[in-house]
Amino acid sequence: MASMANLFVFSVFLLFGSWVSANANANGLSQEKDAVYPHVPVPVPSPPVYKSPSPAPPVKPLPLPAPPVKPPTTPVLTPPPVKAPYTPAPPVKLPPPPYTPSPPVKAPYTPSPPVNPPSSSPPPAKAPYTPSPPVKPPYTPVPPVKPPSPAAPRPPPVIGKACYPECGRRCQLHSRKKMCLRACVTCCYRCRCVPPGTYGNREVCGKCYTDMTTHGRRNKCP
């Protein structure tokens, strides 16, 4: 740090002297030759100061190795003495007592019932058989047979675009109206007939209308 300060002072003096000499030359002073410049002592740079190296940290001695650990000694286990299984002594059978037959048991005396002598009276006469009269079922009158109702007249043939309003009338109450309209128009084009009403009366249009089925063997015409 001291050498740097000395160099800085020296450079300041040099700059100051060069500035003074430049001003003298610019003004044309002739006295510059006779002028005596003050002697500026040149600072002698001090030798650099070297710092002594810091002493190295003391080296810690290595720890001594741990003494070897002896494995634990496993005690030798001696098995306990095996006892023989207990076998009980067989039971001593006693001789059976001598057989003494039991005295016979006599049944109680029951006297026989007295036997009655046969009676000489004649058997009673039976009454003659009289058959019961047959029971007639109640009379149920036969209901009169009604003659078959005459077939409804066939509606006039429907051709071409006239099928659409007739099928709209036929399918107006159907739950799946679009499917009903599509099937009804197909049947109307083929059979040229639409049954009256919104349900039933399919036989009015004949076998062409009643016998037409789908691929699943179901009635096609509504």
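Because the model is predicted, local features need pLDDT of at least 70 and side-chain atom pairs count only at pLDDT 80 or more, whereas totals for chains, interfaces and linings use all residues. Residues are numbered from 1 along each chain as its sequence is written, and side-chain values use heavy atoms, with hydrogens and water left out.

Helix H1 spans residues 2-27 and contains Val9; helices are DSSP runs of H or I with at least four residues, numbered from the N terminus. Val9 counts as partly exposed because its relative accessibility is 40% (buried means under 20%, exposed over 50%, partly exposed in between, with a 1.4 Å probe and protein chains only).

Helix H2 (residues 163-170) holds Arg169 and Glu166, which are three residues apart and therefore separated by about one helical turn. Their side chains meet in a salt bridge at 2.7 Å, N to O; the term requires a side-chain nitrogen of Lys or Arg within 4 Å of a carboxyl oxygen of Asp or Glu. The structure holds one salt bridge. Both partners are partly exposed, Arg169 at 28% and Glu166 at 29%.

The largest pocket has a volume of about 400 Å³, the volume being the space filled by probe spheres set on grid points that are joined across faces, edges and corners. A pocket is an open set of points on a 1 Å grid over the protein atoms alone, where a 1.4 Å probe fits, with protein on both sides within 12 Å along at least five of seven lines; lining residues have an atom within 4 Å of a point. The lining comprises 18 residues, and His174, Cys180, Lys220, Cys221 and Pro222 lie nearest the centre of the pocket. Helix H3 (residues 177-191) gives the most to this lining, with five residues.

Phi of Asn201 is positive, near 60 degrees, in a residue other than glycine, and Asn201 is partly exposed at 35% relative accessibility. In the segment after H4 lies Arg217, also not a glycine, with a positive phi of about 60 degrees. Arg217 is exposed, with a relative accessible area of 74%.

Conventions. Helices (H or I, at least four residues) and strands (E, at least two) are DSSP runs, numbered from the N terminus.
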